[in-house]
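Trainee: Could you show me how to read a strand, a helix and the way they connect?

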Amino acid sequence: MTATAPPASETPLSQGHDAATRNDTEFNELFEHRFTTVDDLQMHYVVGGSGPQPIVLLHGFPETWYAYRPILADLLPGHTVIAIDLPGFGDSSGTVVSHDKATLARYVHRLLDKLGYTSNIQLVAHDAGGAVAYALVAQWREQFSALFMMDFPVTGGELTYEQVKPLSYHFSFHSQEPLFEQLVAGRERLYLEYFYRANSPGVEEPVPPHAVDEYTRAYSRPGVMHHGSRLYQAWPQDEEDNRRFMAQPLKIPVHYVAQARLFEGLFSGIRSAAPHATGAPIESGHWMLHEAPDRVLHEIKAFFGYQD
C-alpha cells in the first residue's frame, strides 16, 4: 500500500507509447500510462486498480510491459497492478549507466520507492526480467513479499552461463558489438519474428501479429536494441553478483515456471538462490504469456492466493 500520494505523471519523452492501447477500450477503462524520472532515465509504466496489494510485472527481451496485456485485467482483483518497461526498454527513455542487473534493479527499486511502494510487493517476471527481479529481491529484501519467475536461467550457483550459452544462438550473437546492432538496424521486425520462432521451436506464430507490431515499434526506437544487446554482455558480471547474493538465500516464497522441455535444468538455477522454491513445468514455448496465458494466470493466482 502506498504511504503517500504518487508523483504526477510527467510529459512523456516517447510520443508513441500508447500506440497499442489507443483503441483498446478495456485497457483505457482500467489502466493508464505513466512516466516518472529516476536519475537521468524517464521510466514508463502502466498502472491499474486500487487494491491494497501491489503486484509488479517485469518483462523480458525482446518484450515490453505489453507482454502482460493478455492477463493484465485478470490480475486486478484486490491489487494495484504496475507493469514496468525495464530501464532502456519499451518507452523508457534516457541514460542507463550500466546493464548489469543489479544496476537495472536499482532503477526499478527507486521507481517503486517514488511511487510509495516500499514493502509487501508481489513481484512477477519473465525472461531477462527475472534477472532484474532476482537482483531486486536480493538487494532490497524488505520491499518484496513473494517472487514469481518465468523461464529464465538464474546463474551463479548450480547453473552457469557456460552451461546456458549453448541453448540458443543469441547468447553469443547479441554479444557481438557493434555487429549485432548493425545487422538488425532497419530489419527489426524481420529479426524479432525470427527470434520469437527460434525460442519456441515448432510454433509458427508464438507471438501474435499485434504484439509483434508493438514490440517492433518499441525496439525500433533509438537505443532500445542496443540496450538489448548489452543485457547479454553484462551476463558475466550478473553471474558474479548472483554468486554473492546467493550467500544469503531468499526467505520469501518463490515460485518458478518454465517450458516443460527445459524445466529441470532451469529450476536448479533458482533453487541455488531460493532453496525452498516451488516450481511447475508448462506445456508451452518460451513466450508463455502469449502462448499459454490461461495457464500462467492460473499459476500466478494460485501462488499469490487470489480469491476467485
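This is a predicted model: local features need pLDDT of at least 70, side-chain atom pairs count only at pLDDT 80 or more; totals for chains, interfaces and linings use all residues.

Trainee: Let us start with strand E6. Are its residues buried or exposed?

Mentor: The general idea comes first. In a regular strand, side chains alternate between the two faces of the sheet. Now the case here: E6 spans residues 121–126, and six of its six residues are buried. One side carries Ile121, Leu123 and Ala125, the other Gln122, Val124 and His126, and both faces are covered.

Trainee: Which strand does E6 pair with over six bridges?

Mentor: That is E7, residues 144–150, and the pairing is parallel. To find it in the viewer, look at Ile121, whose bridge partner in E7 is Phe144. E6 is also joined to E3, residues 53–58, by four bridges, again in parallel. There, Leu58 has Ala125 of E6 as its bridge partner.

Trainee: What do E6, H3 and E7 make together?

Mentor: They form a β-α-β unit, and it is right-handed.

Trainee: And how do I check the helix itself? How far does H3 reach from its first C-alpha to its last?

Mentor: Compare the span with the expected value. H3 has twelve residues, 128–139, and reaches 17 Å, close to the 16 Å expected at 1.5 Å a residue.

Trainee: Why is H3 described as largely enclosed by the rest of the structure?

Mentor: Because eleven of its twelve residues are buried, that is, under 20% relative accessible area. Among them are Gly129, Gly130, Val132, Tyr134 and Leu136.

Terms used:
Residues are numbered from 1 along each chain as its sequence is written. Side-chain values use heavy atoms; hydrogens and water are left out. Helices (H or I, at least four residues) and strands (E, at least two) are DSSP runs, numbered from the N terminus. The expected span of a helix is 1.5 Å times one less than its number of residues. Buried means under 20% relative accessible area, exposed over 50%, partly exposed in between (1.4 Å probe, protein chains only). Two strands pair if DSSP finds at least two bridges between them. A crossover is right-handed if, with the strands pointing away from the viewer, the path from the first strand over the helix to the second runs clockwise.
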